[in-house]
Amino acid sequence: MRQFKPLPADMVLASTLARRVQQLRDFRNMTAKDLAKISRFGLQRIEDIESGMETWLSATERQLLAKALAVEPVILQEAESRPPADDGVMIVEQARIADAVLQGTRNLLCPNCGSSLRCSIQEALDIHGYPTVFPKAYCSKCPFVLK
Ligand SMILES: [Zn+2]
């Protein structure tokens with residue numbers, strides 16, 4: 001097992017994953033090919049990461065790549081930039097669909113798969129016992145359901 005020196009304390013790490021991976025690889029005197037081999041990522045994958053096409057890694061990938069570069073996984077993680085969380089998008093979509101259903105719109109599309117949603121308005125009593133309406137919608141093709 002090769003011994004790697006720790007990163008110098010005054011080393012200024014690049015801010016993007018692409019540049020940081022390249023920087024760390026250069027620091028370890030590895031070619032992209034070397035890194036591809038050690039990390040088992042494949043050269044294409046390393047090139048995609050270093051060109052900025054891939055901006056974040058899964059936990060497993062991050063560990064492999066960090067190990068190959070002899071750094072802590074957090075060093076890579078802090079330079080990653082993720083697309084907006086699906087959860088956030090889904091909450092907005094849920095609210096939009098709920099509004100549309102209550103307004104009587106029926107030709108709504110599933111935010112997951114684009115199939116048509118089955119929509120209805122359900123009358124029920126709220127927690128205080130007053131009659132109220134709830135929007136209902138579910139997808140005919142995937143598990144999406146309005147919550
Ligand atoms: Zn769907």
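1. A helix crossing is called left-handed if the near helix is turned anticlockwise from the far one by less than a right angle, and right-handed if clockwise. By that reading, α2 passes α3 in a right-handed crossing.

2. Some background before we go on. This is a predicted model, in which local features need pLDDT of at least 70 and side-chain atom pairs count only at pLDDT 80 or more, while totals for chains, interfaces and linings use all residues. Residues are numbered from 1 along each chain as its sequence is written.

3. Here is the overall layout. The chain has six helices and two strands, where helices (H or I, at least four residues) and strands (E, at least two) are DSSP runs numbered from the N terminus. Their order from the N terminus is α-α-α-α-α-α-β-β. The radius of gyration, taken over C-alpha atoms, is 24 Å, well over the 15 Å that the globule rule gives for 147 residues, so the chain is more spread out than a compact globule. That rule is 2.2 Å times the number of residues to the power 0.38. Along its principal axes, the C-alpha trace spans about 70 × 30 × 25 Å.

4. Back to the helix pair. Helix α2 (residues 32–39) and helix α3 (residues 43–50) pack at an angle of about 115°, and their axes are 8 Å apart. Axes here are lines fitted to C-alpha atoms, for helices over the stretch in contact, and angles run from 0 to 180 degrees between N-to-C directions. Ala-32, Lys-33, Leu-35 and Ala-36 of α2 meet Leu-43, Ile-46, Glu-47 and Glu-50 of α3; a contact requires C-beta atoms, placed from the backbone, within 7 Å.

5. Now for the interior. A nonpolar core is a set of buried Ala, Val, Leu, Ile, Met, Phe, Trp, Tyr and Cys residues joined through C-beta atoms within 7 Å, and buried means 20 or more other C-beta atoms within 10 Å of a residue's own. The largest core has 15 residues, and Leu-17, Leu-65 and Leu-76 are among those with the most contacts inside it. Helices α1 (17–27), α3 and α4 (59–69) each supply at least two of its residues, with the largest share, four residues, coming from α4. A second, separate core of eight residues includes Cys-110, Cys-119, Cys-139 and Phe-144.

6. Cys-119 is worth a look. This residue is found in strand β1 (residues 117–125) and counts as buried because it has 20 C-beta neighbours inside 10 Å. Beyond its neighbours within four places in sequence, Cys-119 is in contact with Val-101, Arg-106, Leu-108, Lys-136 and Ala-137.

Conventions: Two residues are in contact if their C-beta atoms, placed from the backbone, lie within 7 Å. A residue is buried if 20 or more other C-beta atoms lie within 10 Å of its own, exposed if 12 or fewer, and partly exposed in between; C-beta atoms are placed from the backbone.
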